[in-house]
Amino acid sequence: MNGFLKKSEKRAFFVARSAFLLLLTVQLLLLSFLVLPANAQERGAHFEGGAAGRGETVTLFLTVDGAVNARSGSLSLDYDPSALCLLSAEWQIEGALLESFDLQKGLGAFVCSEERPLEGSIFTVTFRVTEDCPSGALPVGGILKLKDGGGETLSPDLAGSVLVYDGIATLEGGSVRAGEQLSLALVLGEELPVKSGSLRVSCDPALLKVESAEFAVENSVIAHFDKEKGLGAFVCSSEQMLKGTVLYLTVSVAEDADFESTDLLFELELKDGEGRVYTLLMKGATLTLQKGDPMDLDGNGSVTIGDVTKLLNYIAGADLILSPYGQPDINKDGKVTISDVTVLLNRIAGVTA
Ligand SMILES: [Ca+2]
Ligand SMILES: [Ca+2]
């Protein structure tokens, strides 16, 4: 009896607490409705970031957020002229009466005949990264003032940056079927003096699994990759020039995987002999899933004698065009032979599923 009372007290407490929490949630929701209309269409502008190597050009887009109306505007750019050289700048205001930008002063303005809504990119600026510019994120900002028809001024904070990188590392993507494996290479685009490196690979574990990973760095004294953790590292006996394939990676796709595309991301850190870390632009891989019947070699949607002809021609070397849907190695023994034709014929004859 005592236990029951305690139980019912507990229950009453939970009910009261739930009611209180519900009330609190409703109040917060109401409050957010009162506050949101102003916040939801947060008016502002920002520079879309860009990335470039030394000596290269980069274009930034000044983009407005939310519903902004303006009749006129002015912009004063703020950047480090020893790192970035201003090449060109242009307003993109539809129907503007007057647009100007002084590249020497980094100042410009526009005027329209009447107030108009601004949308998306309103200004583009192109810089060249100087040869002796340090790598890393270079701030690019400025002061933008937008005035509407009523004379009200909006002056958003323009924070932006250009990522100046030492090299580009790319993991090449590809297409793969559910239950199959795909081999990928991680490629370093620029030659860099490197002594050591570390790597983290990440993907959706419900879709992809790292089967094997092997560093392709010559003269490395340590090179290890833990495929369970997706972490690896290598150390060379001395600093050496590194370029091209750094790692070979094999991933498998889950048997029940169903996706259009999925990303395989990585973080690569390379250090030179003095322990300096390079700034790398890292481009992860996008894997697309091949769907359809793997035996539909001509991709016409059904498995027929046409697919047998295609396979026989392929074996004879007369047809090198592979279907984006089907795979000629039908029995998956690693080679394309007459055995694959037999499996395909059995399928058509209804002997096998
Ligand atoms: Ca077919
Ligand atoms: Ca085969």
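**Close-up views of a predicted model**

**View 1. Ala-51 stands opposite Leu-163 in strand β10.** Strands (E, at least two residues) and helices (H or I, at least four) are DSSP runs numbered from the N terminus. This is a predicted model, in which local features need pLDDT of at least 70, side-chain atom pairs count only at pLDDT 80 or more, and totals for chains, interfaces and linings use all residues. Residues are numbered from 1 along each chain as its sequence is written, while chains are lettered from A and ligands numbered from 1 in the order in which they are written. Four bridges join β2 to β10 (residues 161-165), and these two strands run parallel.

**View 2. Three strands form an open sheet in the order β2-β10-β7, with mixed pairing.** Two strands count as paired if DSSP finds at least two bridges between them. Because β2 (50-53) and β7 (136-139) stand at the edges with a single partner strand each, one side of each is left without a neighbour in the sheet.

**View 3. Helix α2 (residues 305-315) has Asp-307, Lys-310 and Leu-311 buried.** They cover an arc of only 95° around the axis (taken from the directions from the helix axis to the C-beta atoms), so they lie on the same side of α2. A residue is buried if 20 or more other C-beta atoms, placed from the backbone, lie within 10 Å of its own. Just after α2, Gly-317 takes a positive phi of about 80°.

**View 4. The buried residues of α2 pack against helix α3.** Contact here requires C-beta atoms, placed from the backbone, to lie within 7 Å. Just after α3, Gly-350 takes a positive phi of about 85°.

How values were computed:
Buried ≥ 20, exposed ≤ 12 C-beta atoms within 10 Å, placed from the backbone. Contact = placed C-beta atoms within 7 Å.
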